[in-house]
Amino acid sequence: MSSKRKADLKVIILGDYAVGKTSLLRRYIDDKFKEHEEPTVGAAFYLKQWGPYNVAVWDTAGDEKYSGLSHFYCRSAGAAILAFDLTNVSTFESLWARFSNILEAANEDCIKIIVGTKSDLIDEDKRQVTFDEGRRLSRELNESVVDMTRLPHDPYFETSSLRNENVTELFNYILQYCLPLSVDQKKKQHSQQSNQGVVELMERSGSESTSRKKCCFSS
């Protein structure tokens, strides 16, 4: 792009490798699902329109060797999605053991949304984390820094990128809390939502021309 647009909100997505972070974001941004996404290297960046606001969303690599970079990308984040696989309890345990420390670089009042992915698989009795466990963690991470009375419910979602379940609801929940729209703005946002595209914003030079940009780093 010839000119860069300043973001009004920075959203960071964290979670272990292969929990479905990229699939979640791709479903929201492009309304598409790809069964085998390429692993994110370093981080991938998107800019999304929300009413009159620009929202920067960073999809980070889950591999532990990129933890230092994830800490860097968390700087100035106003919202964080902490994603785990509902069928893998170890990915849930990582949210507290590994990623809560990384978020120390985010804004002090950063809202943290706990997101269980792959809810389509729990129909096959593969669930390893209960709804109450996810909801309880979401309260523990937010009660001291977030005005919980402004939230319609606890900051916890169970999603399926495959079925497109609770994906848009998740992001609308975050954005309405951080960048609340007026009634008129909500109506306009709803009418434009199906036609809105993704605006590119490159922090680093590159030759890609698609809406999805990667910042790649060697280990």
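**Entry: S94 and its surroundings**

I began at S94, whose side chain makes a polar contact with the side chain of D16 at 2.8 Å. For my own use: a polar contact is a pair of N or O atoms within 3.5 Å; within protein, one must be able to donate a hydrogen and the other to accept it, and residues adjacent in sequence count only if both atoms are side-chain atoms. A note on the model before I go on: it is predicted, local features need pLDDT of at least 70, side-chain atom pairs count only at pLDDT 80 or more, and totals for chains, interfaces and linings use all residues. Residues are numbered from 1 along each chain as its sequence is written, and side-chain values use heavy atoms, with hydrogens and water left out.

Where does S94 sit? I found S94 in helix α3, residues 89–102. Helices (H or I, at least four residues) and strands (E, at least two) are DSSP runs, numbered from the N terminus. Is S94 buried or exposed? S94 counts as buried because its relative accessibility is 14%; buried means under 20% relative accessible area, exposed over 50%, and partly exposed in between, with a 1.4 Å probe and protein chains only. I then looked up its contacts (heavy atoms within 4.5 Å). Leaving aside neighbours within four places in sequence, S94 touches D16 and F99.

**Entry: the whole protein**

Next I stepped back. I count six helices and eight strands. Starting at the N terminus, they run β-α-β-β-α-β-α-β-α-β-α-α-β-β. The protein has 219 residues, and 49% of them count as buried. I also checked how far contacts reach along the chain: among those between residues at least 6 apart in sequence, 76% join residues at least 24 apart.

**Entry: helix α1**

Helix α1 covers residues 21–30, and nine of its 10 residues are buried. I wrote them down: K21, T22, S23, L24, L25, R26, R27, Y28 and I29. Just after α1, I noticed that D31 takes a positive phi of about 55 degrees.

T22 has a polar partner: the side chain of D59 makes a polar contact with the T22 side chain at 2.6 Å. D59 itself lies in strand β3, and D59 is buried because its relative accessible area is 0%.

**Entry: the cores**

I looked for nonpolar cores, meaning sets of buried Ala, Val, Leu, Ile, Met, Phe, Trp, Tyr and Cys residues joined through side-chain atoms within 4.5 Å. As background, nonpolar side chains tend to be buried together in soluble globular proteins.

Which members of the largest core touch the most other members? In this core of 30 residues, they are V55, I81, I113, L170 and F171. The elements giving two or more residues to this core are β1 (9–14), α1, β2 (43–50), β3 (53–60), β4 (79–85), β5 (111–117) and α5 (167–178). Helix α5 gives the most, with seven residues.

**Entry: helix α5**

I gave α5 a check of its own. Its 12 residues reach 17 Å from the first C-alpha to the last, close to the 16 Å expected at 1.5 Å a residue; the expected span is 1.5 Å times one less than the number of residues. The buried residues of α5 are V167, L170, F171, Y173, I174, L175 and Y177.

**Entry: rings**

How many aromatic pairs does the structure hold? I found six. Rings of Phe, Tyr and Trp (its six-membered ring) pair if their centres lie within 6.5 Å; planes under 30 degrees apart count as stacked, over 60 as edge-to-face and the rest as tilted.

Y28 and F171 are stacked, 4.0 Å centre to centre with 10 degrees between the planes. Y28 lies in helix α1 and F171 in helix α5, so this pair ties together parts that are 143 residues apart in sequence. Y28 is buried, with a relative accessible area of 10%, and F171 counts as buried at 3%.

F84 and F92 are edge-to-face instead: 4.8 Å centre to centre, 65 degrees between the planes. F84 is buried at 0% relative accessible area, and F92 is buried at 13%. I also noted one aromatic cluster made by F45, W58 and Y73.

Last, I looked for charges over rings: NZ of Lys or CZ of Arg within 6 Å of the ring centre and within 35 degrees of the ring normal. The charged end of K48 sits over the Y28 ring, 5.4 Å from its centre. R150 lies over the face of Y177, at 4.3 Å from the ring centre.
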